[in-house]
Amino acid sequence: MLKDKNIVITGSNRGIGFAVLKACIENGANVFACMRSRSEEQEKELQMLSEKYNVAVHPIYFDLGQERTIKEGASEILKYKVPISGIVNNAGVIGAKSLFLMTSMEDIRHTFDINFFGHVFLTQRLLKNMIRNKSGSIVNISSAAALDGEPAQFEYVASKAAMIGAVKKWANELGAYGIRANAVAPGVIETDMVSEMKTELLSGTVGNTALHRLGRPDEIAKAVVWLLSDDSGYMTGQVVRIDGGLHP
């Protein structure tokens, strides 16, 4: 579905990001695997995937909380002088997990820097490439929590809601250049972030799904691949909710 496309993925070292990376590679895409820190084990795994599927996989390292390193990372991507076919804004942090009145502005700013502002700045740095080629697909990983307004986790929910607002705006501004923008809103997925939830809270959330189970990262990744592919060529400005039938 993605043969010869060049896809940029943030937070590609674990969880949903790594599942998206693998799915893109398996579907023939060349990938810029954006991560915060270098790992020899991770680089070996990326090399193995590159050789197995005969695609290019480029590890790119930067911190989404720092504009300087984002700018350096974007410049490194652009040095390859290939048309960027897709951007998956995935990396994120969950925040302080406290009620709004107990959440400091420092925590709110930090969460927004990584979950929202960092991705906005990265996308802005890469957009000229997409505009020049008059095509591309941007996929923001939001959250079902951003649609439901769950209690606590104010900074996480608000930052993920901002990711939805961004795709609505990008879809309207960039459609004239053949660039699409959509969001995926996962429910509770088997990731490191979810493993930090208290057992009773996790159990209650799973019990509120129609399917009575957690989602898998690969189930989110399949939807992302479709949104990146030409098969979704007439879809933009939308939010795809994948939550197992979660009842808020």
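The legends below describe close-up views of a predicted model. Local features need pLDDT of at least 70 and side-chain atom pairs count only at pLDDT 80 or more, while totals for chains, interfaces and linings use all residues. Residues are numbered from 1 along each chain as its sequence is written, and side-chain values use heavy atoms, with hydrogens and water left out.

**View 1. Strand β1, residues 6-10, is mostly covered.** Helices (H or I, at least four residues) and strands (E, at least two) are DSSP runs, numbered from the N terminus. In β1, 5 of the 5 residues are buried (under 20% relative accessible area; exposed is over 50%, partly exposed in between; 1.4 Å probe, protein chains only). Asn6, Val8 and Thr10 point one way from the strand, and Ile7 and Ile9 point the other way.

View 2. Two strands pair if DSSP finds at least two bridges between them. Thr10 has Cys34 of β2 as its bridge partner.

**View 3. Cys24 and Cys34 are in no disulfide.** A disulfide is a pair of cysteine sulfur atoms within 2.5 Å, and the count is 0. For Cys24, the nearest cysteine sulfur is that of Cys34, 12 Å away. Cys24 is buried, at 0% relative accessible area. Cys34 is also buried, at 2% relative accessibility.
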